[in-house]
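Reader: I would like to learn how to read a few local features from a structure. Could you walk me through them?

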2 protein chains.
Amino acid sequence: MGIETKQLHPIRIVVDAMGGDYAPQEVVKGAVEAAQEFKNIEVVLVGPRQSVQKELSQYNTSGLKISLVPAEETIGMDEDPVRAIRRKQDSSIVVGIKLVKSGQAAAFVSGGSTGAIAAAALLMLGRKKRISRPALGATFESLKGPSMLLDVGANADCKPENLLQFAQMGSVYMQRIHGLAQPRVGLLSSGEESIKGNKVTRSAHELLAKSKLNFVGNVEGRDIPKGSVDVIVTDGFTGNVAIKLAEGLGEMMGELFKKMNGGASLFKDKRVLNHTAGAMLLGVDGNVIITHGKSDSSMIKQSIQLAGRMVEQGVTEAIDAIV
Amino acid sequence: MGIETKQLHPIRIVVDAMGGDYAPQEVVKGAVEAAQEFKNIEVVLVGPRQSVQKELSQYNTSGLKISLVPAEETIGMDEDPVRAIRRKQDSSIVVGIKLVKSGQAAAFVSGGSTGAIAAAALLMLGRKKRISRPALGATFESLKGPSMLLDVGANADCKPENLLQFAQMGSVYMQRIHGLAQPRVGLLSSGEESIKGNKVTRSAHELLAKSKLNFVGNVEGRDIPKGSVDVIVTDGFTGNVAIKLAEGLGEMMGELFKKMNGGASLFKDKRVLNHTAGAMLLGVDGNVIITHGKSDSSMIKQSIQLAGRMVEQGVTEAIDAIV
C-alpha cells in the first residue's frame, strides 16, 4: 500500500446526538463512555443545544474531551433525503458532515436516516475519484472471524463495475482494520459456479476474476454466516435483504432460545451475525459510519471507537490508492 | 376459483429414486414409508432397476402400492441442464417427467438437479398459458404459520410482470394447500415504502397494487421469519440468496444451541424457517416438487404427501384460472 497516515491526536469524531431510535439519551451516554474510555478520541456531539446539554448534565464530564456543536433541526427517518438535507441546513446531519468537510473533524457517526446521511456525504464530501458509487459495508462476526458484506443498501441497482469497486473497497477495509494481508473476496450469487447468478453478477464475476483481488469465486447465502470469505460483494438490494433477514432470524432465534432457557441469552459470548458496529459508507471523501437505528450506548461507543480506528488506519486515504 | 377437481384414486406420484445426496437409500425408504402411510397414494419409483430393487428388497412391500419404472441414467448436479436432459433420455428425471406428461402419473418428486428438473418440466410439460416464467416456491414455518417465498431460484433476472405472476401463483397455492381465503402478499424489498427497492421491485409494486391480490406492500428481510405475510415475492436471485442464508443460519444456530445444551435440539417442535417439504415448481403444466438435495426419508415422505395434496387440491389447474 505504501500510504503513510499521520494523525494529530486527539482524533476528533463528530457524533449525531439525534440519530437513532434512542437518541439523544443513548447516544449521549455512549459518547460520554467513549470519551472516558478512548483517550485518543475527542467526541463532538451535534444536536439541539438544550436537549443535548440536559443529557450531558447527567454525567460527570469534567476532564473529558467531549464538546457540543449546536444544530437545532432534525431529519426524520421518513423524509426525502435530498430535499431534507437541502432544506434543513441546521440539522445534526448537515452540520456534522460540514465539520468533516471543513477538516475540523475526522469522522462522522450517526444512527439517523441512512438515505439522508448517504446523500449528505455524497453531496457535501463528494466521492472518491475511482469510485462511481459509494457503498455501505456492514461487518459481522462469522464463524471464522470478522467479515464484511457490501453493499447493504446504498445502491439498489448496480452495474458489474460497481461490484468490482465494492470488492476493492471492502478489501482495503479488511486489510486496514482487521489486518488481513489478502482478504478473500466472494461474489454473492445463486450458485457456486461462475455461470450461476443474474446478468450483473455473471459479468461482475469476469471482472473480479481479472482483478488483482484475492477473488475466490461465487459464494451462496449459506456462506455468509460460515465466513467462507472475508469480503462478500453484492448489490445494495440483495445485501439489504440479506442483512435484515439475518438480523430478524437472529433476534427470533435468540428469543426462542431465551424462552426455552429461562432468559439465558444464546449469543452471550459469540455474537454471530450481529453487527460488530455500524456500517461504513465507503467511497465518499471522508469517514462516515452509519450506526444501527436501534443503537444503545454500547453500540454508539463501539462505532466511535471504530471511527477512530478508520482514521488512524487511513481507510479513506487507502481507497484513494485503488487503481 | 370455481374449478372442480376430480381425481381418480390412488393418486400416482412418480419419485426420482436417484435424486439427492442420500439417493437411492433414503429416497426408497421414504417412498416405502409414504406407501405405508398414505393409502390414497401409489408411489412409482424411477431409477436403475438393480439398485432400486436392491433397496426395495430391504422392506416388506407386499400389499403396498409401490412400483418401479426403470431408468438407467442419472443426471449429475453439475451437468448442463438442457444438454443433460436432451442426451440422457433414459435418465430418472426425463423418464419421470414423461410419465406425468403422458398422464400416467399425477406428479413428479425429485431431489435432483434443480436446473435439470426445471428444464425438463419446462421443455416437456410446457408452461401455463398466462405464466411467462415458472417459479420455484418454497414454503416454511414462520412465527405465524406457513409462508411461501418465491421465486427461490428458477429465474435470476425477472421483469415486474414475472413478480406479479409469482404473486398470483403463490396466492393460489396458499389458498388451495393452506386454506387461506385471501393470502396476504408482500413484495420483498430494501425498505417498506413503495419507493424503496430496485427498478424491478418499484415497477412490480405498482402492478401488485393494481391487481386483485391481497397485496399489503413491501416487506423487508426481517419480515420473512416473522410471517408478516403469507406470500413473499421476489426474483429468483434474491430469493435464492435469502433461502440459503436462512438455512445456513438455522443450521449454524442449531449447532451452537446443541453445543450449549448437551445435544438438545433448538427446533424440536417448531421448525422455524425449515422447509416444510420440497419447493414447488409453479407455472409448468404439471405438478413438480423439487425436494431438498439433502432430503432424508422423512422429507421424501413429506414431499410425496404434499404432491398428493397438490393433485387433490388442483393447484396446477387453479393456476390455469389466473387472469
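**Reading local features**

Author: Gladly! Let us start with P24(B), which sits in the loop between strand 1 (11–16) and helix 1 (25–37) of chain B; helices (H or I, at least four residues) and strands (E, at least two) are DSSP runs, numbered from the N terminus. This is a predicted model, where local features need pLDDT of at least 70 and side-chain atom pairs count only at pLDDT 80 or more, while totals for chains, interfaces and linings use all residues. Residues are numbered from 1 along each chain as written, chains are lettered from A and ligands numbered from 1 in the order written, and side-chain values use heavy atoms, without hydrogens and water.

Reader: Which residue is joined to P24(B) by a cis peptide bond?

Author: That is A23(B), with omega about 0°. In chain A, the peptide bond from L150(A) to D151(A) is cis, with omega near 5°. D151(A) belongs to the loop between strand 6 (145–150) and helix 6 (160–178) of chain A.

Reader: How do I read the sides of a helix?

Author: An α-helix has 3.6 residues a turn, so residues three or four places apart point the same way. Buried means under 20% relative accessible area, exposed over 50%, and partly exposed in between (1.4 Å probe, protein chains only).

Reader: Which residues are buried in helix 2 of chain A?

Author: In this helix, residues 49–56, they are V52(A), E55(A) and L56(A). Seen down the axis, the buried residues of helix 2 of chain A fall within an arc of 100°, so they line one face; the arc is that of the directions from the helix axis to the C-beta atoms. Q50(A) and K54(A) are exposed on the other side.

Reader: And which residues are buried in helix 2 of chain B?

Author: V52(B), E55(B) and L56(B) are, in residues 49–56. The face turned away from that buried side carries exposed Q50(B) and K54(B).

Reader: Where is R202(B) found, and is R202(B) buried or partly exposed?

Author: R202(B) is found in helix 7 (residues 199–210) of chain B. With a relative accessible area of 33%, R202(B) is partly exposed.
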